[in-house]
Structure formats: structure tokens, C-alpha cells
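This briefing concerns the salt bridges of one structure. Please have the sequence and the coordinates at hand.

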Amino acid sequence: MSAPLLNIDDLRTHFPLRGAGRPRDGAGVVKAVDGVSLAVRAGEVLGVVGESGCGKTTLARAVVGLAPVTAGRVLFEEQDLAALPPRRFRAVRPRLQMIFQDPYASLNPRMTVFDAVAEPMIAHGLVPRGEVAGTVAALMERVGLARRFVRKYPHEFSGGQRQRIAIARALALRPRLVLADEPVSALDVSVQAQILNLLRDLCRENRLTMVLISHDLAVVKYLAHRIAVMYLGRIIELGEAEEVFDAPLHPYTRALVSAIPSPDPDDVRRPVILPGEPPSPLRPPAGCAFHPRCPYAAPECRATRPELEERRPGRHVACVRLDAIEAEESRGGRV
């Protein structure tokens, strides 16, 4: 792994509700992303996981300029994307691409496959017009589709084929960083495996850097080098993928990992069932946002908002009671 390609520094994306005021307690403002800091190294796959509504997609959209940045910095190739004027941001776009979650909605039904994949090449002038057709055909083959499909329309393809077209479109400008937002969640399980293998091969062969967003931990485990766990707009655990899965530290991460189905019929692990639902980002709880659902919560959790800190080499956790939890568990008890 090399130096960071993407540095996200205290990023915040807040959405004021229409018709609502701005009271001092923050009501009327949805804090979708509320202070995220991440460094993504060149050539790695960083997985971002969490329940629906935790801010994963908003984080990705803010990085590529599709969601507003309320505060913080997004440093890509040492340029602050949040501060770039539109003309300069356009020059960066070819190196920063996104694969959207729904292949049925992300492709224009009025455009043929050729037009959809060729449009970014022509718009940015990165491929001579005489070479566009050959480049599109080569991309189609690279993602596992025959060249003869280039004159067809999106409705003529299956979901898996559409997602392959979306991947080809994202690769058309030879990006350095790809943000993949739930790239297989809308697909059948057998098709998911094909797309995941394709993404893995593309990352290895082209040395792509990828931020992979998913609520499916098995998908992230298959592709990611590191994992960031989000809860209510913040990162609560960050570390190497194998370490996070083998020994999760944060109580929320433990619950997520425990819910992964095991193929071993003799596995007697029981999933950790969290009570209630995630709090609303409109009115997040005081202190630790997870404390209303945490089995280890104490009065200090309601008073102190934990910061993401390195608790072990390469492992960052946001939990004020982590030491107490581990000490009690080492004695065979329960906090």
C-alpha cells in the first residue's frame, strides 16, 4: 500500500428541512454525515458498512460532488474537492468515478450502451473520436459483454448485465478512484458473485483504488482490505478487514459480525440482537449515539461523545467503555 489518495477530514453533510427553522439544539437539520475522517491509500479497497440510513451513500455522494459539503475537507490528489470551483472540479472528474446502487436507474433508457459508455470519453476529450468505437468495444469485452450489444438499450439487458455496463461506463475515463455504492445489492445472489469477481479482478489488474459501500458484511469481507463501520453519520470502528471480522471491538460491530450467517452447521454462535431502531439523524442522542441500543451502556456514555481513537495498532474505535468491557470479559464476566 502507498500514500493516501483520498483524505476525508471532518466531513459534514447536513440537510436543513424545508419549512423548519434552525433551533439552537439543531432540530430541523438532518445530520447525514457528522464528522467523518478517513484516509484511503492508493491501490486499496476500503469497505464502508452500516445499517441503512447511517450515511454511507451520502458520504460517497459528497466526495464526488453530488451532495453538499457543510464543513470539512475532501482531499483527492492533494486537492480539496469541496473548495474547487466547478471548472476545476470538472478537470478532476475523469479520475474520480462512481458506480451507483441501482443499475435500472443509473442508465439513461434513451441512450444505447455505446452512447452511455462513449459519452464521458467524448465529453472530456480523453479518447480521439476515431478510437472511441474500439475503446467502447474493448471495455464491453473487459466487463464480460459481447461487442454486438453496444447498439442495444438498457431495457434489453438483465440486472447483472446492466451493472456490468455501469462498471464499463465508470472505467471509461481510466479513473484512479471508484466509489461503488451497493454495487450488487439489487442483483440475484449468483449474479452478485460474478460482479464481485469482476470488481476484484479490475482492482488487481488496473490498480484501482475503491471505496466499497455495502450493508452486506460478507460482500465487504470478500473485497476489502480495510473496513470502516458507520453509525448515525460517524465512523465508530476502523481497521484491517480480517481483524475487524475476527475480533470486532465496538459493541455495534460485534452485533453486525455476529449476524453474518455461517456455513458451518456446528457453529453455535448466537447473533447479538440489538433492541430498537437507529435514532433519527434529525435528533441524535446526546453523548454516544449508540448508547440507547448498547448492551454495555453506562451513564458516562450518555454524557460523553466518543472520538475515533487508535486503541490498538491500526485499529481505531469510538467507545468510552472499551477498556472496561474488555477487562470484564477477560475475567469471564459481563459489564
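The model is predicted: local features require pLDDT of at least 70, side-chain atom pairs count only at pLDDT 80 or more, and totals for chains, interfaces and linings use all residues. Residues are numbered from 1 along each chain as its sequence is written, and side-chain values use heavy atoms, with hydrogens and water left out.

**Total and network**
- The whole structure contains 19 salt bridges, each defined as a side-chain nitrogen of Lys or Arg within 4 Å of a carboxyl oxygen of Asp or Glu.
- A network of salt bridges links Asp10, Arg12, Asp34 and Arg305.

**Arginine 293 and glutamate 51**
- These two residues form a salt bridge whose closest N and O atoms are 3.1 Å apart.
- The pair links distant parts of the chain, 242 residues apart: arginine 293 lies in the loop between helix H9 (251-258) and helix H10 (299-303), and glutamate 51 in the loop between strand S3 (45-49) and helix H1 (56-63).
- Helices (H or I, at least four residues) and strands (E, at least two) are DSSP runs, numbered from the N terminus.
- Arginine 293 is buried at 7% relative accessible area, whereas glutamate 51 is partly exposed at 23%.
- Buried means under 20% relative accessible area, exposed over 50%, and partly exposed in between (1.4 Å probe, protein chains only).

**Glutamate 307 and arginine 234**
- Their side chains meet in a salt bridge at 3.3 Å, N to O.
- Glutamate 307 is partly exposed at 46%, and arginine 234 is buried at 16%.

**Arginine 311 and aspartate 323**
- Their salt bridge spans 3.0 Å, N to O.
- Arginine 311 is partly exposed at 27%, while aspartate 323 is exposed at 51%.
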